[in-house]
Amino acid sequence: MDILGIETSCDETAAAVVRDGREVLSNVVYTQIPLHRPYGGVVPEIASRAHVEKITQVVSSALEGRRVDAVAATYGPGLSPALLVGYNAAKGLAASLGVPLFAVNHMEGHIHTPFLDTALDPAEFMPALALAVSGGHTTWMDMPSYGKYIVVGQTLDDAAGEAFDKAAKLLALGYPGGPVVDRMAAEWFKSGGGEMIAFPRGRVREGVSALAGLDAGMCVSFSGLKTSLLRYVQKEGGAEALAARGEIGRVVASYQEAIVDAVAETTARALAARRRRALLVGGGVSLNSRLRERLKRVADAAGVPLLLAKPKYCGDNGAMIAGLAYFRRTAEGDSAMKLDISPSAAIGANMV
Ligand code: KG4
Ligand code: ZN
């Protein structure tokens, strides 16, 4: 079964055709990053306009004249003017092709990426612990079976990717922050490293109301980390002064370490709490080289395989949407035709 997947939840206009949920036949991603860079973050109006301009071209290059058996699109979570473009295009396309439409949750799509371009059977890795770590989310989920998600932990404020982006902005390193912090930290380690700055590790106290029933040991908070960086930079005379003294590498490596520690240790606690057969990780921040290393160690210590996506599937793409739709599809896609986008769609809601 060939499914066309369309993804426009944020700043990538993406479409892909995936066979039987894993074999990626085409994968086209138009990134708007250069358009948003001057603003240091995604501007919803600019994103929306760029999606409108590119969607037809991106979808037709993904289709390459192929017939597909279904269309799937991200209905949430994401920016509403961005989601609208892809989801409405998918509705129109499904109607004109006379094929079913499936609505896919963006975060669930990220969790499917380790299976793309593989022949692995997701069911064989269940129950699993899944971690979605991106610019908008840092969420740990139990997957009792494939396509079922129970949130067991999350960030109470900023997502890990957001924490990287905010640090880069503060240090005038450009947008998005994750890749540049990753690269500069790696260079600093490679050139011998040194003593790290002790930034807070994002631990959450028991009894905080934002936990909403989740275990404090399974949640993280990155807002204090960002404040701590700001204070450090001010104390040291500002970002320019730090750069002039060649200190930026040490600062970003230490900051990255605080995020990686928080995510890795929370993952280790989750794996220690219950027996699982795999650790699945998806999302833009899963590209981080230090995080990949640490999660490998965590998975090895827990005796479970770590399933990470290929780098080209870590950021937003249509293949993750088409791929997951195959595994989560219901007999009819009709209800997705009547569904609206949902900017704050919850993980684990029913597939329609
Ligand atoms: O999954 P994604 O493309 O979009 C969302 O759904 O949010 O993730 C984008 C995020 C950005 O915050 C970006 O800075 C971060 O992923 N990111 C990284 C790296 N590459 C991208 N963070 C840390 N290290 C990286 N190498
Ligand atoms: Zn994403």
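Buried means under 20% relative accessible area, exposed over 50%, and partly exposed in between, with a 1.4 Å probe and protein chains only. The model is predicted: local features need pLDDT of at least 70, side-chain atom pairs count only at pLDDT 80 or more, and totals for chains, interfaces and linings use all residues. Residues are numbered from 1 along each chain as its sequence is written, and side-chain values use heavy atoms, without hydrogens and water.

**View 1. F115 and Y146 form an edge-to-face pair.** Ring centres lie 5.5 Å apart, with planes at 80 degrees. (Phe, Tyr and Trp rings, the last by its six-membered ring, pair if their centres lie within 6.5 Å; planes under 30 degrees apart are stacked, over 60 edge-to-face, the rest tilted.) F115 sits in the loop between α4 and β6 (128-133), Y146 in the loop between β7 (138-143) and β8 (150-154). Helices (H or I, at least four residues) and strands (E, at least two) are DSSP runs, numbered from the N terminus. Both F115 and Y146 are buried.

**View 2. Ring pairs join F115, F125, Y146, Y326 and F327 into a cluster.** The whole structure holds seven aromatic pairs.

**View 3. R329 lies over the face of Y326.** The distance to the ring centre is 4.5 Å. The criterion is NZ of Lys or CZ of Arg within 6 Å of the ring centre and within 35 degrees of the ring normal.

**View 4. K54 lies over the face of Y30.** Here the distance to the ring centre is 4.8 Å.

Note on methods
Chains lettered and ligands numbered in written order.
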